[in-house]
Amino acid sequence: MSNCRACNTEVQPFMSFGQMPIANGFLKETEFSDEYFFEMEVAFCSACNTFQLINQPDPERMFHENYAFFTRTSRAMVAHFAIFADWLKGSYLTGENPFAVELGSNDGAMLENLAKAGIRHLGVEPSANVAAEAEKHDVKSLVAFFGSKTAQDILDEHGPADTISAANVMCHIPAMNDIGHAADILLKETGVLIFEDPYLGDVIEKTSYDQIYDEHVFLFSAHSVSSIFGPHGFELIDLLPQKTHGGSMRYVLGRKGQHVISSSVREILNKEQALGLTDAATFDRFRENCERSRTMLVSILKDLKSKGKRVVGYGATSKSTTVLNYCDIGPELIEFISDTTPIKQGKLSPGKHIPVLAYEDFKAKYPDYAVLFAWNHEVEIMANEQGFMDAGGQWVVFVPEPAIR
Ligand code: TMP
Ligand code: ZN
């Protein structure tokens, strides 16, 4: 028995994905004996409509001086954040000498655009290695976890903020109620809290269960965000669906009564009800869809193996850790995973210990099949990989369902 992380109502897990390692915990063989696993169970709270992990490893195990995720590895994400920054500037940073705070600012891919425009800004980033990269792009960062104490420190030093934004960060923060409190401390009366994260609606529609991993303690919907931030005096003022990360939602919250509410808020709340995002039965169907997806993917890979085909993985994403461990897929089915991130290369994938090699190894000798783990970057990857396809290479995909393409 456990309690909802958002509203404290008792919740029951509706599904377990089994023993999971740290999603970004790429490791060397000498570290196998110390590898950490936790049981990845998920629950849906019917009281506040929040989808959540029951157990989560300590944040220090996931976000540290060797954090393996750099936003800049994706050109499409860099372009996305340039557009995001422009939108932020034009919509919410229009006052005199505005101040923008970003949570989980990573390597500064978003704030760099504000820095260039001479806008006062501060990134709050717990992983020192990625924050150091941001500094190289003239982005000011505070190496810290964000919460009410950090908010007070920032307020004392810089004054109130016009915007607090976060992209693919909020769903990582277990103490969500403290974030509402912290936003209340740091934001101006008319200030806004903006965040975007993988959207529960897309996960349910596409059975993209790989969005569920240790770092993603929540998968939000407009209903859950409204329940979580309402008690802190905030209301949804806009909702903007995004294509990033396989389907995300951007939530814009302001203090109640301070802003005009966009019509998209009502529209999306209605859509969520129609999709069943406020109904526990939806999650039982989701579990069945995950089980079906697993059976199909394993069967495709075993079939290719039995035909003597060479199969590799494309993109050692955090999401792939869930797929590989839930489906019990190891080096016997996938020869290696190609990834462009230097600190992942030469290591082994968390839990299943598939070698991670440089992209050059993929390019040097194309396999017969590549499993598209980085499916959220599909447009960018297809544009780059005409050579692989011309050489007869095919993709194994698993979203929205396992297939060869
Ligand atoms: P993400 O899905 O969490 O954004 O991680 C994407 C991972 O995929 C990251 O480790 C970089 C890797 N990657 C490639 O190896 N090649 C590519 O073309 C892209 C876009 C990403
Ligand atoms: Zn709840």
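Predicted model: local features only at pLDDT ≥ 70, side-chain atom pairs only at ≥ 80, totals over all residues.
I started with the domain pair and counted 21 residues of domain 1 in contact with 23 residues of domain 2.

For the bounds I went to the domain assignment of the protein chain, which gives 71-278 for domain 1 and 282-404 for domain 2. I then took the centres over C-alpha atoms, and they sit 30 Å apart.

Next I looked up the area buried between domain 1 and domain 2: about 1900 Å², with carbon and sulfur atoms giving 63% of it. Which residues of domain 1 lose the most area to domain 2? I found Thr207, Tyr209 and Asp210, which together make up 35% of what that side buries. I also checked for salt bridges between domain 1 and domain 2, and the count came back as 0.

**Zinc site**

Then I turned to the zinc ion (ligand 2). What coordinates the zinc ion? I read off the SG atoms of Cys4, Cys7, Cys45 and Cys48, at 2.3 Å. Along the sequence I get the spacing C-x2-C-x37-C-x2-C for these donor residues.

I wanted to know where Cys4 and Cys48 fall. Cys4 is in the loop between β1 (2-3) and β2 (10-11), and Cys48 is in the loop between β4 (37-45) and β5 (50-53), so this pair ties together parts 44 residues apart in sequence. Buried or exposed, Cys4 and Cys48? Both are buried.

His353 gave me another positive phi, about 60°, although it is not a glycine. I placed His353 in the loop between β15 (337-339) and β16 (356-358).

Last, I went to the peptide bond from Val399 to Pro400. Cis or trans? I have it as cis, with omega near 0°. Pro400 itself lies in the loop between β18 (394-397) and β19 (403-404).

Technical notes: Residues numbered from 1 in each chain as written. Chains lettered and ligands numbered in written order. Heavy atoms only, no water. Donors = N, O, S within 2.8 Å, 3.2 Å for Na, K, Ca; no water. Helix = DSSP H or I, 4+ residues; strand = E, 2+ residues; numbered from the N terminus. Buried < 20%, exposed > 50% of the residue type's maximum accessible area, 1.4 Å probe, protein only. Domains from an automatic or database assignment. Contact = heavy atoms within 4.5 Å. Buried area = accessible area lost by both parts, 1.4 Å probe. Salt bridge = Lys/Arg side-chain N within 4 Å of Asp/Glu carboxyl O.
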